Amino acid sequence: MREPNWKQMREWDFSYYMRSLDLFWDSWKEFLMKEQRDAYFQLIVGIKTCTYQNYIEKIRQREREIESPLLENVLQIYSCASRPKWTEDAERFVDQFKTKPVSPEPTKAGMDGG
């Protein structure tokens with residue numbers, strides 16, 4: 001998909017041009033909100049699993065890919081006493097998996113002590 005010819009669009013139909021800009025801007029903001037939520041989720045996973053630095057690096061990598069800041073925003077949200085509802089949902093989701101062991105410790109056959 002190629003980029004629209006913005007100059008030609010503006011000259012052809014200014015109203016259409018402005019609506020298109022609004023649509024693209026709204027799409028971009030929606031995309032960034034999704035990315036911010038994903039980054040927050042990764043931050044929580046990193047904190048809860050004691051792999052904070054690995055997840056911080058993943059968030060920084062994503063910042064470079066989309067060329068937009070994420071880490072500072074999610075750290076600021078995390079440090080607030082009152083957070084948005086979606087952050088509570090993310091933390092609750094991570095906590096559900098954190099409290100359940102992934103798999104039981106393996107035992108050798110006949111060595112289970114019973």
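The model is predicted, so local features are reported only at pLDDT of at least 70 and side-chain atom pairs only at pLDDT 80 or more, whereas totals for chains, interfaces and linings use all residues. Residues are numbered from 1 along each chain as its sequence is written, and side-chain values use heavy atoms, with hydrogens and water left out.

The protein chain comes to five helices and zero strands, where helices (H or I, at least four residues) and strands (E, at least two) are DSSP runs numbered from the N terminus. Read from that end, the order of elements is α-α-α-α-α. Of the 114 residues in the chain, 22% count as buried; here buried means under 20% relative accessible area, exposed means over 50%, and partly exposed lies in between (1.4 Å probe, protein chains only).

Two packed helices are described by the angle between their axes and the distance between the axes. Helix H2 spans residues 14-48, and H3 covers residues 52-66. Their axes lie 7 Å apart at an angle of about 165 degrees; axes are lines fitted to C-alpha atoms, for helices over the stretch in contact, and angles run from 0 to 180 degrees between N-to-C directions. H2 and H3 are therefore roughly antiparallel to each other, on a scale where angles under 35 degrees count as roughly parallel, over 145 as roughly antiparallel, 65 to 115 as roughly perpendicular and the rest as oblique. Within H3 sits Ile-56, which is buried at 4% relative accessibility.

The structure holds ten salt bridges, each defined as a side-chain nitrogen of Lys or Arg within 4 Å of a carboxyl oxygen of Asp or Glu. One of them joins Arg-62 and Glu-35 at 2.8 Å, N to O. Because Arg-62 lies in helix H3 and Glu-35 in helix H2, this pair ties together parts that are 27 residues apart in sequence. Glu-35 is buried, at 7% relative accessible area, whereas Arg-62 is partly exposed, at 28%.

Other salt bridges stay within a helix. In H2, Lys-29 and Asp-26 are three residues apart and so separated by about one helical turn; their side chains meet at 3.7 Å, N to O. Lys-29 is partly exposed at 42%, and Asp-26 is partly exposed with a value of 42%. Helix H5 (residues 85-98) holds Asp-89 and Arg-92, three residues or about one turn apart. The salt bridge between Asp-89 and Arg-92 has an N to O distance of 2.8 Å. Asp-89 is partly exposed at 35%, as is Arg-92 at 45%. Salt bridges with shared partners also link Glu-35, Arg-62 and Glu-65 into one network.

The surface carries a nonpolar patch made of Phe-14, Met-18 and Leu-21, with about 250 Å² of accessible area together. Patches take residues with over 30% relative accessible area and no salt bridge, joining like charges within 9 Å and nonpolar side chains (Val, Leu, Ile, Met, Phe, Trp, Tyr) within 5 Å. Accessible areas come from the Shrake-Rupley method with a 1.4 Å probe, and for residues only the protein chains shown count as cover. Leu-21, a residue of H2, is partly exposed at 31% relative accessible area.
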